[in-house]
Amino acid sequence: MYLKSLDINGFKSFYEKTSVDFSNKVNVIVGPNGSGKSNVVDAISWVLGTQSPATLRTNKMEDVIFAGTEKLSQKGFAEVYLNFEVDEKLFNGNSEISIGRKLFRDGTSEYFMNGLNCRLLDIQEFLNDVGIGKQQHIIISQGQIAEILNSKPEDHRTTIEEAAGILPLRVKKEKSLKRIESGEKEIKRAKDVLREIKKQLKPLQDQAEKAKIHEESTKLLKSKVIELNVMMFRKFDDKYKSFVIEENSLDQNLEDIDKKLNTLKDQKGQINNELGDGYSIGSTFKDYSGKFLNLSEQLRSLAQVAYERKDNLEREEIKASEELNKTINKINENNNQISMLTSQLMDKKQSLTNLENQSVDIKYQIEEIIKKLSASTEVNEAVLESEIKQIRQSIDITNKDLQLFEKEFSKWEEDLQISESLLNDLNIKLESYQIPKDLVEEFPAHTKKIIQRELDINKNNILKINFDSENLNSELLKKEELLSNIFHKEEFKSDINKQKDELENKLKQLEQDISLISNQLITSQERIKNLSNQNTELNIVKKNLEGIDRLHQKLQLSEIINSAKTFIEFTNSTSNKLEIESEKFDQKYGNSNKKIERIDEQIENLNNELFNTKDMLTNVAIKKSEMESSKGNHYSNLVNIYGLNIDQINQYGIIAANQSELENEIKLLENKLEEIGTVNYLAKEDFDSLNLRYEEIQSTIDDLQLSKKELLLNIKEVETEIEFRIESSFNSISVHFSEIFETLFPGGKGSLSFTDKTNILETGIEISVQPRGKKVKKLSLLSGGERSLAAIAFLFSIFKSFPSPFYILDEVEAALDDANLHRMINLLDKIKEDAQYIIVTHQQQTMHAGDVLYGVTMEPGSGSRVFTKTKEDFESLIGTNEK
């Protein structure tokens, strides 16, 4: 492989598109000072990936674009292409590969491979594959020769490491060390976070367990209350149905008794007609006495029913009072829970807003980082320079505005002083004319107020401008610092990628937190809604319980009982009187008709049975009504509070053995909930979230520690590889250095040695030389030419140990005399078959050693041009002149 040709367009002094075809041997570039010889070398270095303007002898990268002359306008871009002749077997049948770079004045940079857009990384990978590498040790200038002579032993080791490809291993090691350092910082930060989380976990865990117990107890209490209501509903429903059956049976008995009474009364009527009026009156008295007695019994039954009803009302009142207290307590408990949830909801909403704002800010930062990553160094440099320019312009505008406002402020202060002076003069005149100040005080006060207002406005503007100015200056410092570090491309990109990863991880965590808090908000809102709906239903129950007027009913029943007692006394008294009168008539008319007596006895027995049956029917009706009312209360609770329908009530499974067992369980659960008190239902979600974060951070720490171990092992392997390569490279270069030094310095000796064999990784490499007839220990004691020749020997020994496809020597022999130059050229003749050489020189001997000569010229006001002559062309020209 060798560099076949070079195409330059708009680069530095090359205005026109210029093509330079190289041979695969020794190519010599010559030309007067300032003609653009070294620009050819800079063009090659630029395409190979140089990012530092200083390496290209410019202040900024855009300076490589042709700037124009008196005759030629400036170019809008610079582009250079290197065309390589390669082995077809190694590159999939391609015999030629082209790489190129193009830069526009706006800072946009493009890279090409075989005419297609590519990345700088693709070009660097290609160069590494062919043995060139991105360190570009293949390009040696006169300045680098001087650096080698003045370098320390550690720098000599670095030079060898560049050629031997060890630097990537060191970079890999440095990256691993940085990752370890960064990982240790992350572990430290993570442990700090874990400590803080641990402080929060225990209280949250207690709250979560308390909330869990409360929730489970609440659910169990609800199921038990439903079970009790279902049990009581079924119990009262069964009793109600039995009372209905009993009521129907008693109604049938009453009908039968009525029929019997009517039959007996008809029989008695016929007998009375036969006996006459006297006995009829006595019988009538006796009948009515019995009726009043029956009425007394009815009133007594009525009083008893009223008394029982009053007693039931009092029991219902006590039960309703207990139910009302429970309902009010439940409403208050729900209100406290709603209040707490609402407060938490507001906090969560604020947290969510803050997290969303952070998320937007981080997304914007990531977008900016992506822009920087996708942009070239030139673009980033141009953007930063543009931003710096804009900031400076803003600072200039701000300073001008500040000066204007300060000037305006000074004028208003001066006006205030003048106004106060004039006001004092006015007051003196008013006093002399004995005019009251109150007549004119309003106008001066208003004027002073206006001036003071303008002073305050200007003062606030000055403060604001000063604040803006400070921010702009701070931003300017940051941008300038970024600009100063922009050409450390690898570190710059590494830091940006690391920052991007950190921001993406932070964004991911934020999104998880946002999702969690959003779910918590939904849960809280649903719980608040459920509690509010429950309170609405409980308020209806409370209103119904409070709306029942039992006092009025009790008063009415008391009046009925008292009235019944009065009427019972009256009916008993009347019955007795009628009984006495009946006996008088019986004594008068005798008791000859036994049949009537038997009928009366039967009628009396039937009346007693009738009264008893009616009394039983009344009691059954009351109990049926009570059962219906109790059943309705439990049904209302099941339907309105717990949302069950009749089918669910009928199908509901009863677990408890009896009512007493259920009531005891409910009482225990209520006491337990009362002891627990108000709980935080969001604590469980907060605890799960925090615990998950704790586990994730702990897992991250474990991963980081594992990564640290792996990195340490990796570093150990890399160090072993570096030591092996340094030793093998040193041995190879040392042998070649001794041979080449003897060639350049006949009779002399040159050698390389480690400064610290015990520490191969950090050891320096000492160059020891001894020309024939001299005893020197340091290169600095040699003459200028000898030092240059010794440095060339060192470089050529590296070339032989680690050959590259081509080498570029830029005036490296400038300090050599003819004799030493002759030795160097002889060395070049020996090794020129191993690689392609491109030499920039002013020395005639070097020109004679070249196979192809390239002359670079530049006419005044024009651009650089290249003329090519081969050795055969010169020989032909000389032969023609001799003839």
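So, Leu6: leaving out residues up to four places away in sequence, Leu6 touches Thr18, Ser19, Val20, Phe22, Val40, Ile44, Val80, Tyr81 and Leu82. Touching, or contact, means heavy atoms within 4.5 Å.

Quick note: this is a predicted model, where local features need pLDDT of at least 70, side-chain atom pairs count only at pLDDT 80 or more, and totals for chains, interfaces and linings use all residues. Numbering starts from 1 along each chain as its sequence is written, and side-chain values use heavy atoms, with hydrogens and water left out.

Back to Leu6. The largest nonpolar core has 100 residues, and Leu6 is among those touching the most other members, along with Trp46, Leu82, Phe84, Ile99, Phe796 and Tyr837. A core here is a set of buried Ala, Val, Leu, Ile, Met, Phe, Trp, Tyr and Cys residues joined through side-chain atoms within 4.5 Å; buried is under 20% relative accessible area, with a 1.4 Å probe and protein chains only. Helix 15 (residues 784–801) gives the largest share of this core, ten residues.

Now the sheet. Six strands make an open, antiparallel sheet, ordered 2-1-4-5-6-7. Strands are DSSP runs of E, at least two residues, and helices are H or I, at least four, numbered from the N terminus; two strands pair if DSSP finds at least two bridges between them. At the edges, pairing on one side only, sit strand 2 (18–21) and strand 7 (116–118). Strand 4 (residues 77–85) and strand 5 (residues 96–104) pair over nine bridges, and Val80 stands opposite Arg101 in strand 5.

Key
Buried means under 20% relative accessible area, exposed over 50%, partly exposed in between (1.4 Å probe, protein chains only).
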